[in-house]
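Have a look at it first, and then we'll walk through a few spots.

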Amino acid sequence: MSTSTRIANLHAREILDSRGNPTLAVTLVLESGLEAGAAVPSGASTGTNEAVELRDGDLARYGGKGVLAAIRGVEGPIASVLRGHDVCDQVALDHAMIALDGTPNKGRLGANAILGVSMAAARAASVVEGVPLYQQLGGEEACLLPMPSMNVLNGGKHADSGLDFQEFMIVPLGAPTFAEALRYGAETYAAIRSILHKGGFKTAVGDEGGFAPALENNEAACELIVEAIEAAGYRPGEDIAIALDPAASSFGEGGIYNLARAGQGRLDRTAMLALYGRWINSYPIVSIEDGFAEDDWQGFTELTAAQGQRIQVMGDDITVTNPNFIQNAIDLKAMNAVLIKLNQIGTVTETVEAVALCRKVGWRTMVSHRSGETNDDFIADFAVACRAGQMKCGAPCRGERLAKYNRVLDIERALGKRAIFTNPFANA
Ligand code: PGA
Ligand code: ZN
């Protein structure tokens with residue numbers, strides 16, 4: 001190992017995410033003097049079994065949300081263990097951090113601390129090797145660009161709109177290239193803005209850049225999207241489809257779902273299944289993520305049995321990018337696709353393993369941002385590297401969301417003729 005690839009030191013500092021909450025920015029320094037950095041995102045509708053995000057709990061600072069303890073962990077014990085390690089051996093250094101933490105959920109050092117280092121190491125390795133990050137992580141085969149799902153209407157824990165469901169996304173699956181997909185999406189987003197404006201609705205946006213209007217009910221959101229797709233000159237279902245993330249853990253427990261905001265009352269599992277069935281018949285829906293709560297494996301299994309041939313049934317809070325929970329989902333036939341978030345599990349290596357497990361059983365994957373984001377665009381490269389096929393990072397609005405989409409544009413340009421962009425739902 002040459003001195004140029006050995007880790008010399010780690011620095012971390014507290015920065016603010018897109019909600020104004022503290023998070024970590026990590027800088028990794030090599031013996032050669034080369035530096036690389038990464039910033040860590042943070043969710044709002046988090047799964048109970050996600051790896052632990054270490055917060056100080058000191059109410060005198062940021063309402064307890066400070067990350068000074070996580071920073072001390074990076075600069076103290078993590079730096080001590082990683083000093084002298086080869087930055088290009090991602091697996092070894094991720095495992096060294098997992099061992100140092102010693103807990104099953106990264107509760108001692110914090111998944112936020114560990115992930116910041118893990119991502120910064122991947123970036124440093126890509127600089128050392130002189131290749132782009134997607135190629136460093138994915139090799140020569142990393143040519144598949146992700147189909148974007150853009151979150152154009154925000155509800156649930158991401159906005160105080162009239163919507164119980166958290167995310168109503170548009171999927172430009174008829175677009176021939178990623179750049180065109182982004183254009184389809186941005187034009188439809190603009191059409192939604194003008195329809196809302198004309199209807200006297202507010203056009204302020206939620207945490208992920210989607211509009212947050214006080215619509216009458218959850219159905220009205222789907223109607224609005226279909227109207228906007230047509231107004232923008234596209235064919236619903238053929239050019240642009242709809243993907244939902246109800247994030248049902250935020251309004252459901254014990255098999256009962258409370259659609260209170262939209263005045264639709266309390267529905268049991270069977271009624272929710274029937275509701276999804278009606279929606280799938282009425283709107284061009286290709287994907288439902290977290291249609292049931294994280295404690296409702298039965299709901300997932302029933303939805304997959306009933307609709308899994310027609311749509312993508314995807315887990316997020318229930319699978320938390322954790323190979324153990326994904327394996328459980330495989331055993332129960334509880335879904336046919338998995339959302340992938342680096343900070344749910346806390347290292348690049350384990351996230352790669354989660355994607356590999358899905359691929360092994362033929363399940364689709366979608367790499368995802370968090371509702372609390374920074375301008376770090378790591379996930380764009382990551383989605384290409386692991387050939388995930390899909391990605392979601394909010395509306396085509398707000399800098400921290402566009403940073404990722406714009407990075408995929410750059411990757412598409414760099415790959416040139418080698419770039420592949422396909423409709424992942426073509427055979428659904
Ligand atoms: P979160 O939401 O980042 O607030 O958890 C994203 C999601 O549920 O997919
Ligand atoms: Zn989700």
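## The metal site

Let's start with Asp 316, which is buried, at a relative accessible area of 2%. Bear in mind that this is a predicted model. Asp 316 is one of the residues that coordinate the zinc ion (ligand 2), along with Asp 245 and Glu 289, at 2.0 to 2.2 Å. Both Asp residues use OD, while Glu 289 uses OE. Along the chain, the donors are spaced as D-x43-E-x26-D.

Glu 289 sits in strand 10 (residues 285-289), and Asp 316 is in the loop between strand 11 (312-315) and helix 9 (323-332), so this pair ties together parts that are 27 residues apart in sequence. Glu 289 is buried too, with a relative accessibility of 0%; the cut-off for that label is under 20%.

## Rings around Phe 292

There are 14 aromatic pairs in the structure. Take Tyr 257 and Phe 292: their ring centres are 5.8 Å apart and their planes stand at 80°, so they pair edge-to-face. Angles over 60 degrees get that name. Tyr 257 belongs to strand 8 (residues 256-259) and Phe 292 to the loop between strand 10 and helix 8 (297-307), so here the chain is tied together across 35 residues of sequence. Both Tyr 257 and Phe 292 are buried.

Phe 292 also pairs edge-to-face with Tyr 276, at 5.7 Å centre to centre and 80° between the planes. That pair links distant parts of the chain, with Tyr 276 in helix 7 (residues 269-282), 16 residues away from Phe 292. How accessible are these two? Tyr 276 comes out at 0% relative accessibility and Phe 292 at 1%. Zoom out, and ring pairs join Phe 292 into a cluster with Phe 165, Phe 168, Phe 251, Tyr 257, Tyr 276, Trp 279, Tyr 283 and Phe 300.

Domain 1 puts 33 residues into the contact, and domain 2 puts in 30.

How much area do the two domains bury between them? It's about 2500 Å², with 51% of that on carbon and sulfur atoms. There's charge pairing at this boundary as well: five salt bridges are found across the interface of domain 1 and domain 2.

Key
Residues numbered from 1 in each chain as written. Chains lettered and ligands numbered in written order. Predicted model: local features only at pLDDT ≥ 70, side-chain atom pairs only at ≥ 80, totals over all residues. Heavy atoms only, no water. Donors = N, O, S within 2.8 Å, 3.2 Å for Na, K, Ca; no water. Helix = DSSP H or I, 4+ residues; strand = E, 2+ residues; numbered from the N terminus. Buried < 20%, exposed > 50% of the residue type's maximum accessible area, 1.4 Å probe, protein only. Phe/Tyr/Trp six-rings, centres within 6.5 Å; stacked < 30°, edge-to-face > 60°. Contact = heavy atoms within 4.5 Å. Buried area = accessible area lost by both parts, 1.4 Å probe. Salt bridge = Lys/Arg side-chain N within 4 Å of Asp/Glu carboxyl O.
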